Amino acid sequence: MGWKAIHRWLGLVAGSIAVLLGLTGALLAIDPVQQAWQAPADAPDLSTAALVQRVQGAMPGLEEIRRLPSGAVVAFGFDGEQAQAFYVDPRDGRALAAYRPSQLPRWVKNLHRSLLLGDAGRWGAAGTALAMALISISGLVLMLRRMGGWRQLAGRVRGSLAQRLHVLAGRVVLPVLCLTSFTGLYMSATTLGLVPLEAGPEPDVVSMATGRPGLPGPRLPLLQDVPVRNLLKLNVPAATDPEDVWTVTTRDGQGWIDRYSGQVLAWQDATPARRVHDWAVVLHTGESAWPWAVVLAVVGASVLLFWITGLLIWWQVRREAIRIADNSPLAQADVLVFVASEGGSTWGFAQTLHDALVRCGHRVHTSGLEHFQTAAATRQVLVLAATHGEGQAPTHARPALEHIARETHAVPVAVLGFGDRQYPAFCGFARAVEQTLRDKGWPILLPLECIHQQSSQQFALWGEALAQALGEPLVLDHVPRLPPTTALTLISRQDYPGQSDRPAAILRFHWTRPGWWDRLRGRGLAHFAAGDLVGIVPPGSTVPRFYSLASGSQDGFLEICVRRLPGGLCSTHLHGLQPGDTVQAFIRANPGFALHGAARPVVLVGAGTGVAPLAGFIRRNDRRTPMHLYYGGRDPALDFYFETDIQRWLGEQRLASVRTAFSRVPEGGGYVQDALRRDAPGLRKLLAGGAIVRVCGSRPMAQGVAQALDEILGPLQSSVQQLKAKGRYAEDLF
C-alpha cells in the first residue's frame, strides 16, 4: 500500500476520533498556560531543607509539598480536621492563594485519555495515536512530493482552496502532530503497563522507633542536598505513625529517609523509561513550558481543519475519478492496457483507447501498471505511462518494473509516454518501462512515443500509427475531461499589428471571485501565478487552448498575450472579443516553470508572445531580485509587447536590464540568441553565480537559445542540460 492510500484511508477511518482527541487536547493545553500565570515567584537556588523549614513554620500540619511543572510550590496539610492546600511562597513559606486543581471538567481528560471507556478506551486512544502518527508521516511524504522536495517546501502552494489549506497548515503543524502522536503512544504504553517506568516495587522500609523525637526536615542531609528546582514531591512522616518515613521524589529518583537518624534507607534511581516519560509528558502536554502548550493548543484545534479539507479533497478526487466501462477480465482479454498516472489524467486517455479497441471488436482489459501480467488469451499489450517528479514512477506504479521483469509470456507491446518537455527527465519512467521490455526480449509493436502536456493531437497521431500496426480502422478522438470552467470578462485589450495576417493582442480579464465555501469545494477559478496556464474553451469546441499567464491572482486580473493564427479557432475567437465579452476558462498549474520566489538572479529569455509569463515574473518581483530580460521580436513598431510596462519596471528596479533583438529591421540585432552571445561575458558571470534561467517561446527559438547558452557555459565546464538537472533551467514552449 502506498503512502497516498495510507494517508487517505487512515484519515477517513480514524479521522473523526483524531478530531475528538485533537480538540480535547487543545482544551487540556489551557492548563499549563493557566498554571504558569498563577505561579508565584520561584526560588531555584533554595534547598528542599530550607523550604520545609519555612513551610512548616506557616503550616504546622504539613503532610506534603509538591513542586508543579509550572514551578509553583503547593503545600498540603491539615488545620485540625480541615484539609488545606495552598500555593506557598518559597522565599518565606507564606501561604498564598488556595490551590485548586484544573478547572476543566475531569471528563475532558478522561475523554482524551480513554474515550470515557476505561481500559478499552485507552487501547482505542493508543490506536488512534498510532493512526495519527502514520497519517502525519504519510502526509509529510506526500507534501514533500507535491512541493518538489525539501528545497521547495516553503514555495507557493497551488490547487483548490481545500488543497492549499491542507498543505499550508500541514507544513507548519504536521511535524508537531508527529511528535505528539509518538509521545502519546509512549504515554499510553506506560499507562497500559507495556513499558514499566520503575526498576522494581517500592522497598518496604520503616523508621526504627528510638523513643526520641524525629529529626526536623531542615536537618536531614539528603534534603539539604536537593535543590528545590530538582524537587518533584516530598512526603512528611505522619506524627501518629512512629514508623513512617520521609519520602522525597526528584528528577533523579526517589529516596526514603529514616525520620530519627536522617539516614537514607533506600534510593531508586529514575529509570531511562521514567526519564523518557517525563520528557514525553512535557512534549505532549506543554507542562512546564507554557509557550509550547499554546503551540499544542493551536495544533490540536487544527486537526479539525485537516479532517474537513481532507474530506473535501477526497470527495473531489472520487467525483472526478474515471471508471473504465466494458472492462473484460484479464484472462479473457486479447488486448491489455496498463496505466501509470500520478494525477489521474492519463486514465482519460486510457478510456479513449479502451473504447476505440472495443469498437473494433477486441476484448480489452485496462488496469494499473502495478498489476502487469499477461494471460494465454493476450495478443497485444499497450502501456500508457506518465512520469512523476524527476523521472520517477507514479506512486501506485512503483513495483511495475519488477512485475514486468518477472513476466515470461512476451507478446507485442507498445509504450506511450506522457510528460512535460520542460523537465530534464521528460517521460523518463516510460523510457524505463520500454527499456525493461526490450531487455526481456518483448516484441515491439510500436517504438516509444512521448506526448507533451497531454496533447490530444499527438495522441490521435499515435492512434493512427497503432491502427496501421494492428491493421484496423482505429480512431483515437480524445476529448479531455474538462475541469469546471469560470466566466472571464474582458476589461481591456492592447492590439499589435504584428506581421501580415498574424496580429497579436494583450487581453486583460476580470472574474467573479467565488465565496469561501465554493472555493473550499474547488469551485471557481483556481489560484494562479505568472507562468501557469489558462485553458480557454472556444464556443462550439470541447478542446481547450492553453495560454501562459502574464499575471497572478494577487494582481487582481488575468492577462494573456495572444497571436491570431490563420484558421485558429480559439485565437480568432479571442481576437474578436470586445470589453464586456466573456469566455469560459480554467487554470492548469505549471509548477516546473514557476520561480517560487527565487532569491538568486534570474535570466529571462522570451520571443514574441512568449514574453507574457516573463512579464508576469517581473510584475511580481517585489523583492527586487536582479532580473535580466532578453527579448526577441521582428519589428519594435509591430510586436514589442509590454514595451511600456518594461520601461516602467526598469525604473521601479523590478527589472535590472533588458536586451532586445529584432530580426526584420536593419541593425535590429538579429535573433534573441544573438543577443545572448553579445552578452556572453556578463551572462557567464551570472550563471557562474547561480542564476536561474527561464525560456518561453517557440521550439526553434528555444533550440537556438540552448545552443547559444551551451557555448557560453562551455568555459565553465557546464551546460544547459546540467542546469536543467539542478532545477535552474526551465522552458515553456509552443
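Which glycine in the turn of the hairpin formed by strand 3 and strand 4 has a positive phi? Point 2 gives the answer.

1. Basis. This is a predicted model, in which local features need pLDDT of at least 70, side-chain atom pairs count only at pLDDT 80 or more, and totals for chains, interfaces and linings use all residues. Residues are numbered from 1 along each chain as its sequence is written, and side-chain values use heavy atoms, with hydrogens and water left out.

2. Helices (H or I, at least four residues) and strands (E, at least two) are DSSP runs numbered from the N terminus; two strands pair if DSSP finds at least two bridges between them. Strand 2 (residues 73-79) is joined to strand 3 (residues 82-88) by seven bridges in the antiparallel sense, and valine 73 has valine 88 as its bridge partner in strand 3. Two residues lie between these strands, and glycine 80 in this hairpin takes a positive phi near 70°. Strand 3 also runs antiparallel to strand 4 (residues 95-98), with two bridges; here valine 88 is partnered by alanine 95. The hairpin of strand 3 and strand 4 has six residues between the strands, and the glycine asked about is glycine 93, with a phi of about 75°.

3. Helix 8. This helix (residues 272-285) has 14 residues and reaches 20 Å from first C-alpha to last, close to the expected 20 Å. The expected span is 1.5 Å times one less than the number of residues. Its buried residues are Ala273, His277, Ala280, Val281 and Val282, where buried means under 20% relative accessible area, exposed over 50% and partly exposed in between (1.4 Å probe, protein chains only). Glycine 286 follows the helix and has a positive phi, near 85°.

4. Five strands, in the order 10-9-11-12-13, form an open sheet with parallel pairing. Strand 10 (364-368) and strand 13 (444-452) are the edge strands, each pairing on one side only. From one strand to the next the twist averages 15°. Strand 9 (residues 335-340) is joined to strand 11 (residues 380-386) by six bridges, with phenylalanine 338 opposite valine 383.

5. A helix on the sheet. Helix 10 (residues 345-359) lies across strand 9, strand 10, strand 11 and strand 12 (413-419), at about 170° to strand 10. Axes are lines fitted to C-alpha atoms, for helices over the stretch in contact, and angles run from 0 to 180 degrees between N-to-C directions; contact means heavy atoms within 4.5 Å.

6. Aromatic pairs. The structure holds 14 aromatic pairs. Rings of Phe, Tyr and Trp (its six-membered ring) pair if their centres lie within 6.5 Å; planes under 30 degrees apart count as stacked, over 60 as edge-to-face and the rest as tilted. Phenylalanine 372 and tryptophan 442 have ring centres 5.6 Å apart and planes at 55°, so this pair is tilted. Phenylalanine 372 is in the loop between strand 10 and strand 11, and tryptophan 442 in the loop between helix 12 (428-439) and strand 13, 70 residues apart. Both are buried.

7. A second pair. The rings of tyrosine 496 and tyrosine 641 are edge-to-face because their planes stand at 90°, with centres 4.9 Å apart. Tyrosine 496 counts as buried at 15% relative accessibility, and tyrosine 641 counts as buried at 1%.
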